[in-house]
Amino acid sequence: GTLTDKVAVVTGAASGIGRAVAQAYAREGAKVVVSDISVGGGEETVKLIKDAGGDAFFIVADTAKPDDNERLVEQAVEQYGALHIACNNAGIGGPSGPTGEYPIEGWDKVIAINLSGVFYGCRYQIPALLQAGGGVIVNMASILGQVGFANSAAYVAAKHGVVGLTKNIALEYAAGGIRANAVGPAFINTPLLKDMDDDTINWLVSKHPAGRLGEASEVAELVLWLSTDKASFVNGAYYAVDGGYLAQ
Ligand code: NAD
(Lines give C-alpha, C1' and ligand atoms only; values in the text may rest on other atoms or scores of the structure.)
Protein backbone atom coordinates (compact mmCIF):
# COMPACT_ATOMS: atom_id res chain seq x y z
CA GLY A 1 0.00 0.00 0.00
CA THR A 2 0.88 3.67 -0.31
CA LEU A 3 1.20 3.97 3.48
CA THR A 4 3.06 0.75 4.34
CA ASP A 5 5.09 1.12 7.57
CA LYS A 6 3.55 4.52 8.30
CA VAL A 7 1.98 5.27 11.67
CA ALA A 8 -1.14 7.45 11.58
CA VAL A 9 -3.32 9.03 14.25
CA VAL A 10 -6.94 9.89 13.47
CA THR A 11 -9.04 11.86 15.97
CA GLY A 12 -12.81 11.55 16.01
CA ALA A 13 -12.30 8.11 14.47
CA ALA A 14 -15.21 6.43 16.28
CA SER A 15 -17.70 7.58 13.66
CA GLY A 16 -18.38 9.11 10.26
CA ILE A 17 -15.52 10.69 8.35
CA GLY A 18 -12.85 9.83 10.95
CA ARG A 19 -13.75 6.16 10.85
CA ALA A 20 -13.63 6.19 7.03
CA VAL A 21 -10.21 7.88 7.11
CA ALA A 22 -8.89 5.34 9.63
CA GLN A 23 -10.15 2.50 7.42
CA ALA A 24 -8.61 4.05 4.29
CA TYR A 25 -5.24 4.50 6.02
CA ALA A 26 -5.29 0.90 7.25
CA ARG A 27 -6.26 -0.41 3.82
CA GLU A 28 -3.12 1.30 2.46
CA GLY A 29 -0.94 -0.42 5.05
CA ALA A 30 -0.65 2.18 7.81
CA LYS A 31 -0.71 1.28 11.49
CA VAL A 32 -3.62 3.35 12.73
CA VAL A 33 -4.15 4.90 16.13
CA VAL A 34 -7.89 5.36 16.40
CA SER A 35 -8.78 8.10 18.89
CA ASP A 36 -12.07 9.50 20.17
CA ILE A 37 -14.01 10.29 23.33
CA SER A 38 -16.41 7.52 22.35
CA VAL A 39 -14.91 4.22 23.54
CA GLY A 40 -17.55 1.95 22.00
CA GLY A 41 -17.36 3.55 18.58
CA GLY A 42 -13.56 3.69 18.68
CA GLU A 43 -13.28 0.02 19.50
CA GLU A 44 -15.75 -0.77 16.73
CA THR A 45 -13.52 1.10 14.24
CA VAL A 46 -10.52 -0.96 15.41
CA LYS A 47 -12.55 -4.15 14.98
CA LEU A 48 -13.60 -3.15 11.44
CA ILE A 49 -9.94 -2.49 10.56
CA LYS A 50 -8.68 -5.73 12.10
CA ASP A 51 -11.44 -7.77 10.47
CA ALA A 52 -10.24 -6.37 7.13
CA GLY A 53 -6.68 -7.48 7.91
CA GLY A 54 -5.34 -4.12 9.09
CA ASP A 55 -3.46 -2.97 12.18
CA ALA A 56 -5.03 -0.50 14.62
CA PHE A 57 -5.56 0.23 18.28
CA PHE A 58 -7.74 2.63 20.24
CA ILE A 59 -6.76 5.46 22.59
CA VAL A 60 -9.44 7.46 24.34
CA ALA A 61 -8.67 11.20 24.21
CA ASP A 62 -10.65 14.44 24.40
CA THR A 63 -9.19 16.78 21.77
CA ALA A 64 -10.36 19.79 23.79
CA LYS A 65 -7.85 18.86 26.52
CA PRO A 66 -4.18 19.66 25.86
CA ASP A 67 -2.97 16.86 28.16
CA ASP A 68 -5.04 14.28 26.30
CA ASN A 69 -3.42 15.34 23.04
CA GLU A 70 0.06 15.06 24.56
CA ARG A 71 -0.70 11.60 25.95
CA LEU A 72 -2.22 10.48 22.64
CA VAL A 73 1.02 11.22 20.77
CA GLU A 74 3.14 9.64 23.52
CA GLN A 75 1.09 6.45 23.51
CA ALA A 76 1.02 6.27 19.70
CA VAL A 77 4.82 6.50 19.55
CA GLU A 78 5.14 4.02 22.41
CA GLN A 79 2.89 1.51 20.62
CA TYR A 80 4.17 1.83 17.05
CA GLY A 81 7.61 3.46 17.41
CA ALA A 82 6.98 6.76 15.59
CA LEU A 83 4.33 9.10 14.21
CA HIS A 84 4.18 9.96 10.49
CA ILE A 85 0.61 11.08 9.79
CA ALA A 86 -2.05 12.90 11.80
CA CYS A 87 -5.62 13.59 10.73
CA ASN A 88 -7.20 16.05 13.15
CA ASN A 89 -10.83 15.32 12.43
CA ALA A 90 -12.78 15.38 15.72
CA GLY A 91 -15.52 17.98 15.63
CA ILE A 92 -19.07 18.89 16.61
CA GLY A 93 -21.81 20.98 15.03
CA GLY A 94 -22.84 23.09 18.00
CA PRO A 95 -25.98 25.11 18.65
CA SER A 96 -27.91 26.88 15.91
CA GLY A 97 -28.85 30.55 16.20
CA PRO A 98 -28.02 34.08 15.09
CA THR A 99 -24.81 35.58 16.41
CA GLY A 100 -26.60 38.20 18.53
CA GLU A 101 -28.30 35.42 20.47
CA TYR A 102 -25.68 32.70 20.22
CA PRO A 103 -25.23 30.80 23.51
CA ILE A 104 -21.86 31.67 25.03
CA GLU A 105 -21.23 28.17 26.35
CA GLY A 106 -22.07 26.74 22.93
CA TRP A 107 -19.54 29.07 21.32
CA ASP A 108 -16.90 28.11 23.89
CA LYS A 109 -17.48 24.38 23.38
CA VAL A 110 -17.34 24.51 19.58
CA ILE A 111 -14.18 26.63 19.64
CA ALA A 112 -12.62 24.30 22.25
CA ILE A 113 -13.18 21.16 20.19
CA ASN A 114 -13.19 22.34 16.57
CA LEU A 115 -10.40 24.94 16.75
CA SER A 116 -8.36 24.64 19.96
CA GLY A 117 -8.59 20.84 19.66
CA VAL A 118 -6.94 20.96 16.25
CA PHE A 119 -4.26 23.33 17.55
CA TYR A 120 -3.56 21.12 20.59
CA GLY A 121 -3.32 18.10 18.30
CA CYS A 122 -0.82 19.81 15.98
CA ARG A 123 1.04 21.28 18.95
CA TYR A 124 1.98 17.80 20.18
CA GLN A 125 2.07 15.97 16.84
CA ILE A 126 4.60 18.31 15.22
CA PRO A 127 7.54 17.44 17.53
CA ALA A 128 6.88 13.74 16.92
CA LEU A 129 6.64 14.24 13.15
CA LEU A 130 9.94 16.15 13.20
CA GLN A 131 11.45 13.32 15.25
CA ALA A 132 10.38 10.91 12.50
CA GLY A 133 12.16 13.05 9.87
CA GLY A 134 8.96 14.64 8.58
CA GLY A 135 5.34 13.79 8.10
CA VAL A 136 1.87 14.87 7.17
CA ILE A 137 -0.96 16.71 8.89
CA VAL A 138 -4.47 16.77 7.45
CA ASN A 139 -6.87 19.01 9.36
CA MET A 140 -10.61 18.59 8.89
CA ALA A 141 -12.12 21.95 7.97
CA SER A 142 -15.36 22.29 6.01
CA ILE A 143 -16.89 24.31 3.20
CA LEU A 144 -17.72 26.49 6.21
CA GLY A 145 -13.98 27.19 6.48
CA GLN A 146 -14.42 29.22 3.26
CA VAL A 147 -17.91 30.72 3.37
CA GLY A 148 -20.45 31.64 6.01
CA PHE A 149 -23.57 29.72 6.96
CA ALA A 150 -26.32 31.57 8.82
CA ASN A 151 -26.91 30.56 12.45
CA SER A 152 -23.58 28.72 12.77
CA ALA A 153 -21.13 31.43 13.84
CA ALA A 154 -19.05 29.24 16.14
CA TYR A 155 -18.66 26.42 13.62
CA VAL A 156 -17.89 28.81 10.75
CA ALA A 157 -15.36 30.76 12.82
CA ALA A 158 -13.68 27.57 14.07
CA LYS A 159 -13.40 26.07 10.58
CA HIS A 160 -12.02 29.31 9.10
CA GLY A 161 -9.53 29.21 11.99
CA VAL A 162 -8.51 25.66 11.11
CA VAL A 163 -7.70 26.76 7.55
CA GLY A 164 -5.51 29.61 8.83
CA LEU A 165 -3.76 27.44 11.41
CA THR A 166 -3.00 24.89 8.70
CA LYS A 167 -1.40 27.54 6.47
CA ASN A 168 0.83 28.64 9.34
CA ILE A 169 2.03 25.11 10.04
CA ALA A 170 2.87 24.71 6.35
CA LEU A 171 4.98 27.88 6.41
CA GLU A 172 6.75 27.03 9.64
CA TYR A 173 7.53 23.37 8.95
CA ALA A 174 7.90 22.91 5.18
CA ALA A 175 11.67 22.97 5.68
CA GLY A 176 11.29 20.35 8.41
CA GLY A 177 9.60 17.97 6.01
CA ILE A 178 6.06 18.40 7.28
CA ARG A 179 3.17 19.04 4.90
CA ALA A 180 -0.07 20.36 6.38
CA ASN A 181 -3.29 20.69 4.42
CA ALA A 182 -6.95 21.30 5.21
CA VAL A 183 -9.86 19.38 3.76
CA GLY A 184 -13.25 20.98 3.28
CA PRO A 185 -16.22 18.66 2.93
CA ALA A 186 -19.67 19.95 2.11
CA PHE A 187 -22.53 18.22 3.94
CA ILE A 188 -21.74 14.55 4.37
CA ASN A 189 -24.04 11.69 5.39
CA THR A 190 -22.75 11.01 8.90
CA PRO A 191 -24.20 10.88 12.43
CA LEU A 192 -23.28 14.60 12.71
CA LEU A 193 -26.47 15.33 10.74
CA LYS A 194 -28.63 12.91 12.75
CA ASP A 195 -30.66 15.62 14.52
CA MET A 196 -31.83 17.23 11.26
CA ASP A 197 -35.38 16.60 10.03
CA ASP A 198 -36.17 15.53 6.47
CA ASP A 199 -37.05 19.05 5.34
CA THR A 200 -33.69 20.37 6.51
CA ILE A 201 -31.84 17.51 4.82
CA ASN A 202 -33.74 18.11 1.55
CA TRP A 203 -32.91 21.83 1.75
CA LEU A 204 -29.25 20.98 2.30
CA VAL A 205 -29.27 18.56 -0.64
CA SER A 206 -30.67 21.34 -2.85
CA LYS A 207 -27.62 23.49 -2.06
CA HIS A 208 -25.25 20.89 -3.58
CA PRO A 209 -24.93 20.97 -7.38
CA ALA A 210 -24.26 17.23 -7.14
CA GLY A 211 -27.91 16.82 -6.06
CA ARG A 212 -26.97 14.74 -3.04
CA LEU A 213 -24.91 14.84 0.13
CA GLY A 214 -21.45 13.31 0.19
CA GLU A 215 -20.33 10.04 1.73
CA ALA A 216 -17.62 9.70 4.37
CA SER A 217 -15.65 7.42 2.05
CA GLU A 218 -15.49 10.21 -0.56
CA VAL A 219 -13.87 12.52 1.99
CA ALA A 220 -11.53 9.75 3.11
CA GLU A 221 -10.19 9.31 -0.45
CA LEU A 222 -9.04 12.95 -0.50
CA VAL A 223 -7.54 12.75 3.00
CA LEU A 224 -5.75 9.56 1.99
CA TRP A 225 -4.27 11.11 -1.14
CA LEU A 226 -3.07 14.19 0.77
CA SER A 227 -1.45 11.85 3.31
CA THR A 228 0.65 9.94 0.77
CA ASP A 229 3.80 10.89 -1.14
CA LYS A 230 1.60 11.30 -4.22
CA ALA A 231 0.80 14.73 -2.75
CA SER A 232 4.49 15.53 -2.10
CA PHE A 233 4.25 19.12 -3.44
CA VAL A 234 0.88 19.93 -1.87
CA ASN A 235 1.31 22.07 1.22
CA GLY A 236 -0.67 24.71 3.09
CA ALA A 237 -3.67 24.22 0.83
CA TYR A 238 -7.40 23.95 1.30
CA TYR A 239 -8.99 21.15 -0.70
CA ALA A 240 -12.75 21.05 -1.12
CA VAL A 241 -14.67 17.80 -1.44
CA ASP A 242 -18.08 19.33 -1.82
CA GLY A 243 -20.08 18.17 -4.85
CA GLY A 244 -19.65 21.66 -6.33
CA TYR A 245 -21.02 23.60 -3.33
CA LEU A 246 -18.34 26.32 -3.38
CA ALA A 247 -18.47 26.76 -7.16
CA GLN A 248 -21.76 28.67 -6.87
P1 NAD B 1 -19.44 12.38 13.52
O2 NAD B 1 -20.29 12.97 14.58
O3 NAD B 1 -19.91 11.19 12.77
O4 NAD B 1 -17.99 12.05 14.09
C5 NAD B 1 -17.30 12.96 14.90
C6 NAD B 1 -16.52 12.17 15.93
O7 NAD B 1 -15.79 13.11 16.74
C8 NAD B 1 -17.42 11.36 16.88
O9 NAD B 1 -16.96 10.02 16.93
C10 NAD B 1 -17.26 12.07 18.22
O11 NAD B 1 -17.33 11.20 19.33
C12 NAD B 1 -15.87 12.67 18.07
N13 NAD B 1 -15.65 13.77 19.00
C14 NAD B 1 -16.50 14.77 19.32
N15 NAD B 1 -15.96 15.56 20.24
C16 NAD B 1 -14.74 15.04 20.51
C17 NAD B 1 -13.69 15.42 21.40
N18 NAD B 1 -13.79 16.48 22.21
N19 NAD B 1 -12.57 14.66 21.42
C20 NAD B 1 -12.46 13.58 20.62
N21 NAD B 1 -13.41 13.18 19.78
C22 NAD B 1 -14.54 13.91 19.73
O23 NAD B 1 -19.17 13.60 12.51
P24 NAD B 1 -18.44 13.64 11.09
O25 NAD B 1 -19.43 14.16 10.14
O26 NAD B 1 -17.71 12.40 10.80
O27 NAD B 1 -17.42 14.84 11.38
C28 NAD B 1 -16.02 14.69 11.38
C29 NAD B 1 -15.38 16.01 11.05
O30 NAD B 1 -15.78 16.42 9.75
C31 NAD B 1 -15.78 17.15 12.00
O32 NAD B 1 -14.65 17.97 12.23
C33 NAD B 1 -16.81 17.92 11.20
O34 NAD B 1 -16.89 19.26 11.57
C35 NAD B 1 -16.25 17.74 9.81
N36 NAD B 1 -17.24 17.96 8.75
C37 NAD B 1 -18.39 17.23 8.72
C38 NAD B 1 -19.32 17.50 7.73
C39 NAD B 1 -20.63 16.75 7.65
O40 NAD B 1 -21.54 17.24 6.97
N41 NAD B 1 -20.79 15.59 8.26
C42 NAD B 1 -19.07 18.50 6.79
C43 NAD B 1 -17.87 19.21 6.84
C44 NAD B 1 -16.97 18.93 7.85
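In the predicted model, the ligand is surrounded by 29 residues, of which Gly 12, Ser 15, Gly 16, Gly 91 and Thr 190 are the closest. Two elements, α1 (16-27) and α4, each give two or more residues to this shell. Helix α1 provides the largest share, three residues. By residue class, the shell around the ligand comprises 14 nonpolar, 13 polar and two charged residues.

The strands form an open sheet of seven members, arranged in the order β3-β2-β1-β4-β5-β6-β7 and paired in parallel. At the edges of the sheet lie β3 (55-60) and β7 (238-241), each of which pairs on one side only. On average, and with direction ignored, neighbouring strands of this sheet are turned by 20 degrees against each other. The pairing of strand β2 (residues 31-36) with β3 is parallel and involves six bridges; Ser 35, for instance, has Ile 59 of β3 as its bridge partner.

Helices pack on this sheet. Helix α2 (residues 39-51) touches β2 and β3, and its direction makes about 175 degrees with that of β3.

Along its course, α4 bends by about 40 degrees at Ser 116. The helix is followed by Gly 133, a residue with a positive phi, near 90 degrees.

Definitions and conventions:
Residues numbered from 1 in each chain as written. Predicted model: local features only at pLDDT ≥ 70, side-chain atom pairs only at ≥ 80, totals over all residues. Bend = angle between axes of the 7 residues up to and from the residue. Helix = DSSP H or I, 4+ residues; strand = E, 2+ residues; numbered from the N terminus. Near = placed C-beta within 6 Å. Nonpolar A, V, L, I, M, F, W, Y, C, P; charged D, E, K, R; others polar. Pairing = 2+ DSSP bridges. Axes fitted to C-alpha atoms, helices over the stretch in contact; angles between N-to-C directions. Contact = placed C-beta atoms within 7 Å.
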